[in-house]
Amino acid sequence: MSEYNNIKKESLKPTLWHHYSSMKEVVEKGSKVIVSGNGAVIRDLEGKEYIDGLSMLWVVNAGHNRREIIEAMKEQMDLIGYASLFGGYSNAPAVLAASKLKEIAPAGLNRVFFVSGGSEAVETAIKMSRQYFQVKGQGGRYKVISRKEAYHGVTLGALSATGIRVYRQPFEPLVPGFHHVSAPYCYRCEFNKEPGSCNLECAEAIAQAIEWEGPKTVAAVILEPVMNALGAITPPEGYFRRVQEITRQYGVLLIIDEVVCAFGRIGAMFASEIFNIHPDMMVLAKGLTSGYAPLGAVLAKEELGQAFDDYMFIHGLTFGGHTLSTTATLKNIEVIQSEALAQKSMEMGSYLIQGLQTLRRYRTVGDIRGMGLLTAIEYVADKETRKKIPGNVRFAFKVEQLAWDRGLYLCRASVDKTYVAPPLVVSREQINRIIDILDESIGLAEKDFLG
Ligand SMILES: Cc1ncc(COP(=O)(O)O)c(C=O)c1O
């Protein structure tokens, strides 16, 4: 496109404010502008190709340039661009998408509230739980329990559930009533236990938090099935069974945040199926449309929806359930189902994890873990003691830059973690290439760090 001629120049200015980015660095190096994609491959302005090693933020599950999704969206645009869900009006694809989600979701999640993304979905679930208890005459229940190091989004309610210090600190004081417990982080267990011989102290911490806060004051517990931000943390055996016993025992709602894990990412349409979780609410976004348009959703249990039938959920978002997005989700689900992408994610995920294990020979590679195509590498300064890499080293960020130069997109590098989560359509050859590039990049970053 001819307008693209100016982009290179413009990308060296701070006009476009990048998310979670140091604008000084962006201006120095220029924005890495991505202009096209196909399957698991993306291209930049110069036409250079990269493997999309992160599905563009764990979003593009079905892969780039899916013609069937694009064509369906074009058809919808010829009918009507926007029709809201406020005040009893709706639009056709939103009605159909809600019905489709009800059909495929774990049993009982019959009510679908559409929003525009993950943070809004978490925010909505929290507000839904609070108003639900008000309607039920238990207005004293408003507190929410989540986990340290969990990421649940950036709006103030979602950020209050988020347990990552650096994201929270600039915006404090946050919303009152949020309590964070230890994560099931077996590699660095806060209780100094080993998986298999522990007493699921990390799950018991939820019961203790409810007791400490006062059982009649707690509305909900919100958890991700596999904790993404902490580096693809799969819970120890029995964790969710115990969590479910606890939430039932105390009459607290269980909100499962599947923003990252759903739509085939970890090997099933919903991660709740894998861990046998029966949530009261499920939060969806990202892979819900594979990124073809923004959409988030809260799926709620029938009983929860019924509690609102005689009232009104005092909540609404102009763009929630947009026609373009709900059309995209319908086609996206069809693609994931017809191509058995969840199954493919499981197969390719084990191939990826197996390949990543070869990187353990590096002195800085402490742990490699994940499930399906949701994997992560955790770096350490010392393998024996698991000593953490100092923040100022920006080790993973260096790996990310080195990988980009070699044709691999890996965003969201933290100090000590590289996340690897390609689209579910990734091939074995592409996975081999991901591992080769990581191998070279980690080798160079390690040499720089340890000499
Ligand atoms: C588990 C989880 N929940 C919620 C969110 C927030 O989603 P969004 O960025 O669409 O607001 C994210 C985003 O990465 C996430 O990973």
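The shell around the ligand comprises 3 nonpolar, 5 polar and 3 charged residues (Ala, Val, Leu, Ile, Met, Phe, Trp, Tyr, Cys and Pro count as nonpolar, Asp, Glu, Lys and Arg as charged, and the others, Gly among them, as polar). The model is predicted, with local features requiring pLDDT of at least 70 and side-chain atom pairs pLDDT 80 or more, whereas totals for chains, interfaces and linings use all residues. Residues are numbered from 1 along each chain as its sequence is written, and side-chain values use heavy atoms, with hydrogens and water left out.

The residues around the ligand are Gly117, Gly118, Ser119, Tyr151, His152, Gly153, Glu224, Asp257, Val259, Val260 and Lys286, a residue being counted if one of its heavy atoms lies within 4 Å of the ligand. In the side chain of Ser119, an N or O atom is 2.6 Å from a ligand oxygen. A polar backbone atom of Gly118 is 2.8 Å from an oxygen atom of the ligand, and for a polar side-chain atom of Lys286 the distance to a ligand oxygen is 3.0 Å.

Axes are lines fitted to C-alpha atoms, for helices over the stretch in contact, and angles run from 0 to 180 degrees between N-to-C directions. Helix 14 (residues 341-356) packs with helix 16 (residues 428-450) at an angle of about 25°, the axes lying 10 Å apart. These two helices are therefore roughly parallel to each other (angles under 35 degrees; over 145 is roughly antiparallel, 65 to 115 roughly perpendicular and the rest oblique). Helix 15 (residues 395-405) crosses helix 16 at roughly 135°, and their axes come within 9 Å; helix 15 and helix 16 are therefore oblique to each other.

Two backbone features were also noted. The peptide bond from Glu172 to Pro173 is cis, with omega near 5°, and Pro173 belongs to the loop between helix 8 (165-168) and strand 6 (178-181). Leu57, located in helix 3 (residues 55-58), has a positive phi of about 70° although it is not a glycine.

Key: A polar contact is a pair of N or O atoms within 3.5 Å; within protein, one must be able to donate a hydrogen and the other to accept it, and residues adjacent in sequence count only if both atoms are side-chain atoms. Helices (H or I, at least four residues) and strands (E, at least two) are DSSP runs, numbered from the N terminus.
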